[in-house]
Amino acid sequence: MKLTILGGGGFRVPLVYRALLGDRAEGRIAHVTLHDVDAARLGVITRVLAEQAAGAADAPVVAATTDLDEALRGADFVFSAIRVGGLAGRAADERVALAQGVLGQETVGAGGVAYGLRTVPVAVAIAHRVAELAPDAWVINFTNPAGLVTEAMSRVLGDRVVGICDSPVGLGRRVARALDVADPAGAEIDYVGLNHLGWLRGLRVAGRDELPRLLADTEALGSFEEGRLFGAEWLRSLGAVPNEYLHYYYFNREAVRAYQGAGPTRGAFLRDQQAGFYAAGTRPGASALAAWRRTLADREATYMAASREAAGAGGRDRNEPESGGYEKVALALMRAIARDERTTLVLNVRNRTTLPVLDEDAVIEVPCSVDAGGPRPVPVDPLPYHAVGLVTAVKAVEREVLAAADSGSRATAVKAFALHPLVDSVSVARRLLDAYTGAHPGLAYLAKH
């Protein structure tokens with residue numbers, strides 16, 4: 001089996017390769033092709049993977065190329081983890097939004113709209129190349145904004161593109177641990193929404209929903225990340241545990257103030273941190289793998305630091321279960337499809353009839369049954385009205401981003417910004433688009449009409 005990783009020079013690629021090294025079952029991935037537009041970054045990541053493979057029997061063979069068509073030919077799976085504009089683009093997204101007094105996070109609010117506007121045209125072009133050169137391949141999308149990009153690619157590839165995110169499974173594990181569940185992996189989670197906009201509404205163990213027990217226990221709610229972010233009182237009011245990204249919606253003013261006072265934004269921090277890593281990875285005689293591990297530990301420790309500060313939640317608990325590992329979600333998805341190993345995973349897929357408030361082609365994030373035929377969303381209970389409002393509003397924004405990317409219409413791009421719940425002014429939306437088009441050459445396609 002051949003896996004092609006688009007964005008193969010990206011910092012997280014060694015996580016994927018580490019997961020592949022641990023897979024010894026028949027039919028595993030034997031060949032990995034890394035593709036990136038940056039040859040220098042490809043070289044560093046190739047060095048890291050070579051060190052990871054040292055001493056491992058039958059490690060997947062790694063090749064690297066800057067030629068997209070070469071990378072796609074013969075692929076069974078295509079993992080999309082590109083970052084259009086790089087981390088410098090993310091830093092600009094954050095800076096422009098904060099200057100207008102709104103959130104600039106890369107998948108939420110103005111920053112997510114800007115990122116989507118410059119990413120969708122590239123992702124759609126890639127989808128057309130996949131359809132031409134690897135029509136039988138399954139595309140696993142982790143490119144942010146993951147739900148939006150998956151929906152854009154699905155217009156070309158249909159159900160053969162699946163979006164993944166590690167947030168829901170990580171949330172499920174943390175809730176299970178707070179409840180002292182003996183086998184967290186065996187717990188069934190009721191999770192529904194859009195990418196980075198979902199709610200865990202139940203956690204069933206042996207057929208019994210244990211979430212009400214958690215919501216009644218203030219001490220247990222304070223024992224994990226989301227409990228500290230949102231607070232016991234708000235979680236009881238919702239009757240659910242939101243994805244951590246909903247902190248930006250429920251505590252928006254506090255989050256914006258925290259980001260404005262935090263010094264370098266997250267994107268600027270990662271830009272500078274990773275520049276140091278890639279420079280270290282080229283030094284003769286130095287271990288690229290050791291440099292990567294040090295950088296990864298620092299990256300994880302500072303994740304969502306501004307939100308934790310705004311909530312008074314303290315530092316990240318290094319003893320908490322890992323986020324869930326998007327690489328493990330990807331591996332589980334590939335195994336289920338390639339080996340017909342039936343499993344249930346929370347994925348970004350086309351709605352079909354799962355949520356009646358959205359149309360069939362809207363990409364949502366829900367538990368899916370997966371086998372050789374791919375993922376199929378499982379039935380879920382309807383969304384409560386407060387969730388319907390957020391989900392439909394954000395889906396409307398995503399549709400305007402797709403329309404703007406297709407038409408090149410500036411007016412439609414302004415509409416995408418203005419309709420977002422975290423951008424509360426048409427005038428601000430216009431200023432945002434002007435500033436973003438000035439910062440990103442890749443938005444030049446948005447004509448002045």
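**Briefing: a buried helix and some aromatic pairs**

Let's start with Phe 230: it's buried, with a relative accessible area of 4%. Keep in mind that this is a predicted model.

**Aromatic pairs**

- Altogether, the structure has ten aromatic pairs.
- One of them joins Phe 230 and Tyr 250 edge-to-face, with 6.1 Å centre to centre and 75° between the planes.
- That pair links distant parts of the chain: Phe 230 sits in helix H10 (residues 225-230) and Tyr 250 in helix H12 (residues 247-250), 20 residues apart.
- Phe 417 and Tyr 436 make a stacked pair, at 5.7 Å centre to centre and 10° between the planes.
- Since Phe 417 belongs to helix H19 (residues 410-419) and Tyr 436 to helix H20 (residues 426-439), this pair ties together parts that are 19 residues apart in sequence.
- Phe 417 and Tyr 436 are both buried.
- There's also one aromatic cluster made up of Phe 11, Phe 277, Tyr 278 and Trp 292.

**Helix H1**

- Helix H1 (residues 13-21) is largely enclosed by the rest of the structure, because eight of its nine residues are buried.
- The buried ones are Val 13, Pro 14, Leu 15, Val 16, Tyr 17, Ala 19, Leu 20 and Leu 21.
- On the strand side of the list, these buried H1 residues pack against E1 (2-6), E2 (31-35) and E3 (61-65).
- As for helices, the buried residues of H1 pack against H2 (39-53), H15 (288-301) and H17 (326-339).

Terms used. Residues numbered from 1 in each chain as written. Predicted model: local features only at pLDDT ≥ 70, side-chain atom pairs only at ≥ 80, totals over all residues. Heavy atoms only, no water. Buried < 20%, exposed > 50% of the residue type's maximum accessible area, 1.4 Å probe, protein only. Helix = DSSP H or I, 4+ residues; strand = E, 2+ residues; numbered from the N terminus. Contact = heavy atoms within 4.5 Å. Phe/Tyr/Trp six-rings, centres within 6.5 Å; stacked < 30°, edge-to-face > 60°.
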